[in-house]
Amino acid sequence: LADLERRARDPAYAASHTATLDRAVAELLTHRRDVKRSAAGTVSMYRIKGGHLVRLLGASTPLGAIGARDVDRFISARIAEGAASTTISKELTTLRAALKLARRRGDYARDPAEVIPAFSAEYKPRRRFLSPTELEKLLAQLEPDRSARVAFIVATGARWGESDRAERGDVTRKTVALRGTKTAASART
């Protein structure tokens with residue numbers, strides 16, 4: 001009875017109990033794609049990470065029901081499944097973004113920081129690279145098309161998507177134009 005009374009007098013509380021996790025993730029994807037105009041790869045990452053959230057927390061779970069214990073159980077379940085800490089960190093980033101957007105829209109009453117813990121991704125960039133001899137051996141093992149792409153990426157520092165968008169006219173005698181879209185500075189020569 002107290003819950004029904006609170007829902008009747010507090011629209012934000014009521015909304016947080018009718019808004020569901022799967023809807024919040026779907027709205028995040030739409031927002032990132034259409035409003036923030038995030039790169040397709042970024043939207044895809046949110047879709048994949050959101051899928052794990054929905055799978056383990058429940059698609060129809062009301063946002064208002066998601067608390068710190070639920071998030072802690074999610075983290076424990078992902079660790080038990082063998083997910084890397086960097087993956088879990090991205091999944092928590094996705095949840096945080098979905099809850100922040102839902103809060104701004106009046107569908108979630110809590111501060112996401114109360115629910116989502118600080119989580120160390122323990123990320124350390126690799127310091128190793130292929131030697132010229134190793135690169136030659138790798139290229140020799142690949143199909144010609146794949147070998148050419150890998151050589152282009154190694155020579156230019158292009159991302160995979162940039163190699164997809166490359167055209168013959170982008171290569172001159174002394175420069176290569178990369179058609180980057182991931183960040184403002186990624187389109188470069």
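## Helix packing and side chains

The axes of helix 3 (residues 21-35) and helix 6 (residues 85-104) come within 9 Å and cross at roughly 90°, so helix 3 is roughly perpendicular to helix 6, a term for angles of 65 to 115 degrees. The contact (heavy atoms within 4.5 Å) involves Leu21, Ala24, Glu27, Leu28, His31 and Arg32 of helix 3 together with Thr94, Leu95, Ala97, Ala98, Leu101 and Arg104 of helix 6.

This is a predicted model, in which local features need pLDDT of at least 70 and side-chain atom pairs count only at pLDDT 80 or more, while totals for chains, interfaces and linings use all residues. Residues are numbered from 1 along each chain as its sequence is written, and side-chain values use heavy atoms, with hydrogens and water left out.

Helix 4 (residues 40-57) and helix 5 (residues 68-80) pack with their axes 10 Å apart, at an angle of about 110°, and are therefore roughly perpendicular to each other. From helix 4 the contact takes His52, Leu53, Arg55, Leu56 and Leu57, and from helix 5 it takes Asp70, Phe74, Ala77 and Arg78.

| Helix pair | Angle | Axis distance |
|---|---|---|
| Helix 3 and helix 6 | roughly 90° | within 9 Å |
| Helix 4 and helix 5 | about 110° | 10 Å |

Ser147, placed in helix 9 (residues 144-156), is buried with a relative accessible area of 14%, where buried means under 20%. Leaving aside residues up to four places away in sequence, Ser147 touches Leu139 and Leu142.

Key:
Axes are lines fitted to C-alpha atoms, for helices over the stretch in contact, and angles run from 0 to 180 degrees between N-to-C directions. Helices (H or I, at least four residues) and strands (E, at least two) are DSSP runs, numbered from the N terminus. Angles under 35 degrees count as roughly parallel, over 145 as roughly antiparallel, 65 to 115 as roughly perpendicular and the rest as oblique. Buried means under 20% relative accessible area, exposed over 50%, partly exposed in between (1.4 Å probe, protein chains only).
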